[in-house]
Amino acid sequence: MSEYTFAENEKKWQAYWKENNIFKVAENTSKPKYYVLDMFPYPSGAGLHVGHPLGYIATDIIARYKRIKGFNVLHPMGFDSFGLPAEQYAVQTGQHPAITTEKNISRYKEQLDKIGFSFDWSREVRTSNPDYYKWTQWIFVQLFNHWFNKNTNKAESIDTLIAAFEKSGNAGINAACDEHTESFDAAAWKTLTEKQKEALLQKYRLTYLSETMVNWCPELGTVLANEEVKDGLSERGGYPVLRMKMKQWIMRITAYADRLLQGLDGIDWPEAMKDMQRNWIGKSLGAELDFKVTGQDITLTVFTTRVDTTFGVTYVSIAPEHELIPQLTTPAQKAAVEAYVDKAKNRSERDRMSDVKTVSGCFTGSYVTNPFTNEQIPLWIADYVLAGYGTGVVMAVPSSDTRDYAFATHFNLPIIAVQEGERTDITKEDFDPKAGTMVNSGFLNGLIVSEAIPKAVAYAEEKGFGKAKINFKMRDSIFGRQRYWGEPIPVSFDGDTPKLFKESELPLELPPIDEYKPTPDGAPPLGRNAEFVARNLELSTMPGWAGSSWYFLRYMDPKNTQRLVSKEAEQYWGQVDLYIGGSEHATGHLLYSRFWNKFLKDTGYVHNEEPFKKLINQGMIQGRSNFVYRVAGTNQYVSHGLRKQYDTTPLHVDVNIVHNDILDTEAFKKWRPDLHNAEFILEDGKYVCGSEVEKMSKSKHNVVNPDDIVNEYGADTLRMYEMFLGPLEQFKPWNTNGIEGVYKFLQKTWRLFHDTEGKLTISNESATKEELKVLHKTIKRIEEDVERYAFNTPVSTFMICVNELSSLKCHKREILEPLVVCLSPFAPHLCEELWSLLGHKETVLNASFPVYNAAHVQESDFEYPVSINGKVRVKISLPVTLSPKEIEDQVMVNEAVVKWLEGKTPKKIIIVPNKIVNLVL
């Protein structure tokens with residue numbers, strides 16, 4: 001029997017693709033372009049497991065499919081090669097992160113190439129290469145040299161702002177800038193020193209220095225973003241994180257908040273992903289109100305979306321980080337406040353926002369005046385109030401807000417109802433904070449919420465203690481990290497004044513240092529380089545998201561030394577047509593990339609407002625763990641079905657020594673030294689393991705290396721099996737129990753082209769009607785499924801097709817040649833070999849996808865079920881072209897029908913062409 005020897009053929013065709021630059025692409029205006037992209041990986045030391053290639057296989061199918069559909073396809077790959085793991089390894093071992101990273105990248109590329117991806121490696125980028133991060137630094141400089149003009153709704157050169165200041169100060173300037181930026185005229189501007197002018201410009205620049213609350217992780221020696229902290233611990237390593245003030249570089253992403261929101265409406269992204277970004281941006285329409293502190297010349301300003309409920313405010317809360325806490329705390333409350341603040345401020349903002357169950361707070365001893373009622377109400381500190389959102393002060397209405405209600409009931413504070421009617425009881429499940437009409441609210445009584453809000457805002461503005469305001473939950477992004485392995489920030493300092501590098505001075509390269517940890521006096525690792533210290537250079541480096549925020553542009557023109565991307569290349573490739581990656585990047589990479597792209601559009605370097613036209617979030621391939629059961633106090637292991645008869649402890653076992661849940665007991669003994677004398681209690685002569693679906697990880701011993709699958713079954717089997725597991729977007733468990741079916745399908749496909757002796761058998765005879773029908777049904781389904789990004793169903797379609805052609809003993813070129821082209825995006829190695837055997841001298845990627853012909857799948861006859869009084873009695877095959885009258889004539893003379901009618905004439909004859917015939921007696 002003919003067998004397909006995948007190992008030698010896959011090596012052969014991978015070498016052919018590489019030697020002949022089959023995947024190399026250039027701009028070609030004679031063809032439509034298609035840009036398909038994966039979220040590029042961080043090259044970890046562990047290499048790939050079988051879950052990682054899922055998205056890559058999907059994009060590769062699309063890339064190959066689009067190419068044979070006549071598109072000029074850009075399908076690049078690179079590496080997000082700056083990262084904390086390499087730096088932590090450097091701290092532990094002293095090995096430079098670049099060496100670790102290079103080794104990891106080589107491993108990744110080796111694994112990726114084995115799977116047969118059609119990446120254009122000539123366009124590879126690495127964020128840690130100086131020729132790449134030169135342009136990351138360049139973008140930083142551009143951001144520094146621009147401000148956001150709200151009147152034009154775009155970024156403009158800082159020179160235009162300086163010119164306006166020189167002419168008329170900041171009167172009439174409508175800019176995205178720091179809160180409470182002071183007003184000044186041209187004369188005042190001209191009296192300022194250069195240092196003072198720069199300090200003022202910092203309030204407008206799109207990247208700027210500012211004292212801000214940060215998440216400081218002493219163990220990692222760096223500041224972490226909110227999304228990198230969970231439950232007060234670093235996401236990586238689980239180290240304690242402290243909240244503290246630090247001077248940091250900040251990106252003014254809030255300038256683009258409205259455009260980031262509006263842009264979501266025009267892109268083809270999953271709604272869940274768009275909702276995550278909308279919620280993160282968190283646009284609110286509301287008002288600012290002033291609450292005066294009793295007995296002090298201090299006014300606290302709150303932002304609220306529900307100014308109509310102010311009559312129900314019974315206390316005010318401030319954030320634990322609020323700078324006025326020392327002045328607002330009475331001597332009697334000082335010790336309690338300090339203890340509470342110390343504990344509360346070290347919880348990350350993400351934890352404090354998401355933890356709705358924990359109620360904590362501390363009374364300051366001070367009171368403020370409710371501006372609507374003139375009543376004195378207590379001032380509390382509460383960790384559910386965030387310093388970075390709004391003003392860091394919240395007016396609490398316990399009858400209308402569930403968090404305020406929980407706080408008030410916990411601390412026995414007053415609750416005043418300000419709405420009445422159906423669904424206005426906050427203790428009930430059907431509570432709706434915007435239901436009913438206003439009550440206990442003075443001049444607002446009797447109004448519904450939508451009427452009360454504008455009236456309350458107008459009243460506050462008229463009385464001078466409030467004004468309408470739009471607010472965003474999203475804050476400006478901290479840009480500096482106190483670590484070594486990242487892009488140096490191209491800034492030197494003249495005293496405290498930052499001086500940006502010129503383009504001709506870029507890149508500012510990472511210098512050598514003796515150790516990869518902070519200096520003894522707490523400075524970042526770059527403080528260990530004498531030149532950096534002597535030149536008074538910035539010692540922080542850029543965050544991990546910097547290099548990944550624009551890499552999709554560099555792929556278009558990766559060797560350009562004069563510009564981050566040429567106008568011609570950017571105009572041709574434009575947006576990424578299909579982007580595939582994980583949903584965990586919703587409020588990180590995907591948001592920052594959109595921000596930077598919009599800025600680059602404003603400055604004329606790109607022409608699209610959005611970088612990614614369509615986004616698909618692939619699901620996770622979960623691990624399928626196996627367990628053995630150790631009998632307590634022994635080195636005996638009992639099989640799964642017998643475990644309840646003993647006192648056992650379940651232990652994870654390496655899934656690579658388990659096949660179809662049957663443990664290889666000899667391999668188990670060799671797995672670890674302590675198991676060499678293990679004994680087994682078997683069932684039916686076998687040791688059956690338990691199983692459970694969990695996240696794939698080393699600690700659970702359920703990691704499956706794709707190399708092992710490729711070595712045993714071949715790359716094409718791995719590619720098709722990963723697609724066969726289920727829809728791309730869904731989470732699904734890895735289970736090798738079904739992989740044999742895909743492997744056998746590919747062998748069966750091979751045998752369509754060979755006789756039982758292994759000899760190539762291809763006929764040039766014309767295809768039969770049945771064979772053409774099988775082929776064109778397949779063409780239609782594959783085309784429809786791939787165009788809608790359904791990658792699992794085509795595998796079934798191919799299996800049905802090959803089974804039917806095998807039954808027809810079809811060896812005809814007219815059928816098999818188009819089938820090879822259809823299958824090639826899914827199983828490229830097998831199809832290249834078959835294409836070559838069919839006599840073609842060029843790659844199958846130069847072929848054209850076959851054209852579907854509906855005429856070949858149309859049925860000439862239809863088998864009608866004939867019902868008599870509702871029961872099917874006969875089936876009659878008739879030409880599909882017959883009219884209802886002709887169908888009736890044929891049915892009424894059919895012998896079987898005549899027999900069932902028993903001489904009776906039907907009262908009614910119902911005929912639905914190509915569906916049913918129903919005779920009613």
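I am working from a predicted model.

**Entry 1: helix α6**

I started with helix α6, residues 158-168. Which of its residues are buried? I found Ile158, Leu161 and Phe165. I then asked why they sit on the same side of α6. They cover an arc of only 55° around the axis, so they share one side of α6. The general rule for helices fits here. An α-helix has 3.6 residues a turn, so residues three or four places apart point the same way.

I turned to the other side of α6. Asp159 and Lys167 are exposed there. Exposed here means over 50% relative accessible area, and buried means under 20%.

Next I looked up what covers the buried residues of α6. The cover includes two strands, β3 (146-149) and β4 (154-157). It also includes the helices α7 (186-191) and α8 (194-201).

Last, I checked what follows α6. Glycine 169 does, and its phi is positive, near 70°.

**Entry 2: the sheet with β5 and β9**

I traced an open sheet of 4 strands, ordered β6-β5-β9-β19. Its pairing is antiparallel. Which strands are at the edges? They are β6 (222-224) and β19 (477-478), and each pairs on one side only.

I went on to the pairing of β5 with β9. Strand β5 spans residues 207-217 and strand β9 spans residues 242-251. They pair in the antiparallel sense over 10 bridges. I picked out methionine 213, whose bridge partner in β9 is lysine 245.

I also noted a helix on this sheet. Helix α5 (residues 130-144) packs on it and touches β5 and β9. The direction of α5 makes about 85° with that of β9.

**Entry 3: the sheet with β34 and β35**

I found another open sheet of 4 strands, in the order β33-β32-β35-β34. Here the pairing is mixed. β33 (871-879) and β34 (908-912) stand at the edges. Each has a single partner strand, so one side of each is left without a neighbour in the sheet.

I then looked at β34 beside strand β35 (residues 916-920). How many bridges join them? I count 5, in the antiparallel sense. One pair I noted is lysine 908 with its bridge partner in β35, valine 920.

Finally I placed helix α28, residues 884-892. α28 lies across β32 (861-868), β33, β34 and β35. It runs at about 120° to β34.

Terms used. Residues numbered from 1 in each chain as written. Predicted model: local features only at pLDDT ≥ 70, side-chain atom pairs only at ≥ 80, totals over all residues. Heavy atoms only, no water. Buried < 20%, exposed > 50% of the residue type's maximum accessible area, 1.4 Å probe, protein only. Arc of directions from axis to C-beta. Contact = heavy atoms within 4.5 Å. Pairing = 2+ DSSP bridges. Axes fitted to C-alpha atoms, helices over the stretch in contact; angles between N-to-C directions.
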